[in-house]
Number of protein chains: 2
Amino acid sequence: MSAQDAGFKAAVHEARQGSSEGGVPIGACLVSADGKILGQGHNMRIQKGSATLHAEISALENAGRLPASAYQGATMYTSLSPCDMCTGACVMYKVKRVVIGENKTFVGGEEYLKSKGIEVVVLQDQECQALMEKFINEKPGDWYEDIGEDE
Amino acid sequence: MSAQDAGFKAAVHEARQGSSEGGVPIGACLVSADGKILGQGHNMRIQKGSATLHAEISALENAGRLPASAYQGATMYTSLSPCDMCTGACVMYKVKRVVIGENKTFVGGEEYLKSKGIEVVVLQDQECQALMEKFINEKPGDWYEDIGEDE
């Protein structure tokens, strides 16, 4: 399995885990330049009452303290297009690439990432999209709260 | 005391608290449109080994889950110019204004905030600057790690 496969699979695994917990079903995984998983996690709004533990933030948090060099050449895999906060986190830590499961249900800061020289890949993965569509149908209020939007 | 005074004082109090704990001395406070403190916090990189609990993220996290309407008209007070992650968090939650203690030691996403219609006020507070200068002199490695830069 390639590093990209492993990172994306871990992100989808996290999204499924979030779904099984009744949470916002978004997962992420940070993979180093040499293919090592540095951290992975999923959205914890519902599980922890968290306003900031989006999937990408969880993955960065779970990776722990790292020197700037650890993020060089790294890829952030995320099941959904990243919001402005998670986009900014990727910009701040200067990851090389963001691989996105899908951007049909939400489009975040993809153009801003590109403007900062970060490669953006969108996979349009059916499972990622199905997890989000199910959640948004069942719990629209929780979803809109998660992205700072009125329902 | 005006709402602005209370919010900024709370942010500086948090920065001092971070300093007394040996941490990155940056504090923040989120104040609602009607002057109520919704949450406050300080950088927890050293205290919690956290890669994401910058001051503004801590303040948002400590405010807990809130509907989008709670951020409308809100002000984020922060002792230091916000990094790209914290800038993105303010953009995502659509705060009205960001009041910055100082931007002499670091300039973050101020122009991006303005481009999104968020008011930016820089106070150039001497104490905020002194706290940062002392920390950067004593622990440069921790500081550069916190903003994803090589020392």
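**Exercise 1.** For this predicted model, state in which order the strands of the open sheet in chain B are arranged, and which of them stand at the edges.

*Solution.* Step 1: the sheet of chain B is open and consists of five strands, arranged as 2-1-3-4-5 with mixed pairing. Step 2: strand 2 (37–42) and strand 5 (119–122) of chain B each have a single partner strand, so one side of each has no neighbour in the sheet, and these two strands stand at the edges. Step 3: on average, neighbouring strands of this sheet are turned by 15° against each other, with direction ignored.

**Exercise 2.** Determine how many bridges join strand 4 and strand 5 of chain B, and which helix packs on the sheet against strand 3 and strand 4 of chain B.

*Solution.* Step 1: strand 4 (residues 97–102) and strand 5 of chain B run parallel and are joined by four bridges. Step 2: within this pairing, B:V98 has B:V120 of strand 5 as its bridge partner. Step 3: helix 7 (residues 126–138) of chain B packs on the sheet and touches strand 3 (75–80) and strand 4 of chain B. The direction of helix 7 makes about 60° with that of strand 4 of chain B.

**Exercise 3.** In chain A, find the sense in which strand 3 and strand 4 pair, and the strands across which helix 3 lies.

*Solution.* Step 1: strand 3 (residues 75–80) and strand 4 (residues 97–102) of chain A pair in the parallel sense, over five bridges. Step 2: A:L80 stands opposite A:E102 in strand 4 of chain A. Step 3: helix 3 (residues 55–63) of chain A lies across strand 1 (27–31), strand 2 and strand 3 of chain A, and runs at about 135° to strand 2 of chain A.

Notes
Residues numbered from 1 in each chain as written. Chains lettered and ligands numbered in written order. Predicted model: local features only at pLDDT ≥ 70, side-chain atom pairs only at ≥ 80, totals over all residues. Heavy atoms only, no water. Pairing = 2+ DSSP bridges. Contact = heavy atoms within 4.5 Å. Axes fitted to C-alpha atoms, helices over the stretch in contact; angles between N-to-C directions.
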